[in-house]
Amino acid sequence: MISPKYNPAEVEDKWYAHWMDKRYFHSEPDERPAYSIVIPPPNVTGVLHMGHMLNNTIQDILIRKARMDGKNACWVPGTDHASIATEAKVVKMLREKGIKKGDLTREQFLAYAWEWKEKYGGIILEQLQKLGASCDWERTAFTMDEVRSDAVIKVFVDLYKKGKLYRGNRMVNWDPEAKTVLSNEEVLYSLEQSKLFHVKYKIEGSEEYLVVATTRPETIPGDTAVAVHPDDPRYAHLEGKRVIVPVIGRSIPIIKDAYVDMEFGTGALKVTPAHDVNDYEIGNRHNLAVIDVFNEDGTMSADATIYLGEDRFVVRKKFVKDLEAADCIIKIEDYQNNVGRSERTNAVIEPRLSLQWYVDMKALSTPAAEAVASDEVEFFPKNQKNIYRHWMENIKDWCISRQLWWGHRIPAFYFNGDVFVAETIDEAYNEAKCKYVDLKIEDLHQDEDVLDTWFSSWLWPISVFDGFKDRKELDYYYPTSVLVTGWDIIFLWVARMVMAGYEWEHKRPFDHVYFTGMVRDKQRRKMSKSLGNSPDALKLIEDFGADGVRFGMLLSSPAGGDLLFDEKLVEQGRNFCNKIWNALRLVDGWETDENVSISEGEMLAYHWMVNKMNALATDIDKNFKEYRLSEALMSIYSFVWSDFCSWYLEMVKPNFGEKISIKSRENTIQIFSEICSLMHPFMPFVTEEIWHQLKNGNQDGDCIISTFPKPAPYDQVLIDRVEQAKDIITNIRDVRNKNGIKMKDELDVLMIKSDRAQALVNQSGWPEICLKLGNLRSIQLSDDESLKGIGFISGTEKCIVILQQEINMEAELDEKIKELEYQKGFVASVQAKLSNERFVSGAPEAVVAKEKAKLADGVERIRILEDDIRRLEN
RNA sequence: GGGAGAUUAGCUCAGUUGGUUCAGAGCACCUCGUUUACACCGAGGGGGUCGGGGGUUCGAGCCCCUCAUCUCCCA
């Protein structure tokens, strides 16, 4: 006995284990065409969130479809070491244990970090399995495992040797909390409420003073000049003079620089070269000293001369008090400015002068920009192309060193101010010995820093196939077929992978990029831990089933568009599972009788389904090619729920107490099985279960490796005839509803004679379907339009439901008049078109022919309506 | 300051090179219904003139201009 409710928990784990057991997810190069996807590696110690669910559901759909299409499908999973994020977590964990990172050696710290990774590293992958992800788990990679680490080191050395990688002293984005530099892409800017302080700088040897507006008074100890615009008449007389830094008492020059915006504040700018990118450039132009007033953790340095060791934001308040006490504050305004924060720690970024490693991006960007512009790498949706191009055209060098321990240590070795870059210390030593003959290997000192996480992820499509060492797999799987990722990491990751692909493989890393939207809540807010608006992914799977969740995530998620998550959607998915589950119950309960033969109506219903399925497969094929997955799913949904369950099953289901023919049951099971295949990529668990139930244990193979329905020719005429039967039945049901006629009361229906009407009733099985679903005694042709009853028009056919009882003439008349008005307007517009000489001669023949047909149909309907109205009025 | 995108039913969104009876889907809503798969259900229904204005065209939700509003990215 099958339960009336589908219970996902009972089937999901069972089938996942079965698939694993059969190694369906595993791929090895063979003679079939490859279809490969590399997973965007989630943070190794992260947990599954809504973004992952959306992203990985899409990848799983694509990979399962490819597998069913007979391709060698390979989805490579893995995790990212996520340098900053993971190190921050480990530091926090240690702090809770009372251990300070500063008290540990590098080796000790890394031991803790690896331990942490071993403990939590597998969680997110297990969660992906709950979702149904059909990854080749035998290939699971990690950005810091041996193969991937070797690739990183090799690439670093290679770029250095090619002169595309260098070390430079520049202004960087400093994260004082993580105590590391960040790339531009890791800094997020947003408008924040702050204050603008107007501060007096006394002019040396005068009672006069200059007023400078600043949002950052705590950097005043680092001022080395005050700048005004060269054309500013207000300050022309101050040429060559100097001012005194308030409270600090140091004397600094007044300089002229065109960078200054005369409109902003007072038109005078304090110049702090150590703590602002623009000030740094002004400082360079005017040979100004650089006074760094902060330590690496954002506290005041010895050079600040005040508040040594106190935090920059505490000092801001204290120093403003000092300024007020010295009568140096003119006013304090509320002010909104753009504040940069660390993507990972959310700390306010401090611009800082620092010696770091950079990749020369101009050297790498040209082929990468060209590849996307020419659609060699094709973006879905297209509009991301512009954003990509804009970034490529304004590309800045990539700062890749990080002052962290968890990551790939930079393979640069130093001695006496010289740097030797090599894959191993031995190689570096050999190189160094050429210059320093007496050098001992212990004298070489390796760079303390590690590389940006993305410096390993940008190699992912190559490195997961061990492509830097062995070409065997790479030649088969590369370029990968498609990359599925969020648009938020287009620069951090996608663009850089394209560059790496061309740099080392001279080939694109993937044919297509499918950008998913961000998952947001109903109020359009990003899902985030701090807002607490992110549903627990695993709980959702528990409550609604993996298939229900997959359905819900996908249904309202066109490429690139944000997804407003609403539990209603997964509810719909769960209901859908239950619907087909109950279709199974129905079919399962049918008893066959070999003495019963299939009826004409059942045959027609079957042919209708087969043709409709072919039409649907054609449509879905097109939608898949354009990555319109939510549309594909939507059309499957309405086909299954409406056409299959509401119409087909009702057409063939035996009457109460009767049995079904063997043939009709077989037909139904065949269609149902194909529907399972069609749905499988989207909803793998429920379809696998039903697939097997349908075969009553006589399983030949599994749904997961069945053939996905392919586009095939279909008979549109036959489809249209059954669709018209549906239309007539719906009209009859409407007549019943409006006139309070019970479903169980049989009715007689007439169709007014016409060629079309004749063809319909002559279609084998057609009248039978109408009788069964309309609960009619008869449906016949007639010449007599004046018969008593309620008329309606289906297509161009007039039908009459014969009624003995009195009918509501007035309502009937109103409806007809309304309909007539609409038809008249419609015909008028078509006529206007057709009487326009320029339309008839200008438009394609087919369009004109269609317009003519529209006109004829409209005229026919008007004739019927006018007749009806005349009769009703009498 | 520079750039991208959006505005279609109460809500969330489709609408693919301008031409099928094109104004759609899902949800929500209204009426009816406990017929032997399913109330996580069935039958039926109402609802928008496609942000405003202008233009191109035989023909515009779709192309162009303009205004308004909103979102995002970059600096």
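**View 1. T668 is buried, at 0% relative accessibility.** Buried means under 20% relative accessible area, exposed over 50%, partly exposed in between (1.4 Å probe, protein chains only). This is a predicted model: local features need pLDDT of at least 70, side-chain atom pairs count only at pLDDT 80 or more, and totals for chains, interfaces and linings use all residues. Side-chain values use heavy atoms, leaving out hydrogens and water; residues are numbered from 1 along each chain as its sequence is written, and chains are lettered from A and ligands numbered from 1 in the order in which they are written.

**View 2. The side chains of T668 and Y648 make a polar contact of 2.9 Å.** A polar contact is a pair of N or O atoms within 3.5 Å; within protein, one must be able to donate a hydrogen and the other to accept it, and residues adjacent in sequence count only if both atoms are side-chain atoms.

**View 3. No disulfides are found in the whole structure.** The term means a pair of cysteine sulfur atoms within 2.5 Å. C74 is in none; its nearest cysteine sulfur, in C135, is 9.6 Å away. C74 is buried at 0%. For C577, the closest cysteine sulfur belongs to C676, 11 Å away and too far for a bond. C577 is buried at 1%.

View 4. The R585 side chain has an N or O atom 2.9 Å from a sugar or linking oxygen of RNA strand B.
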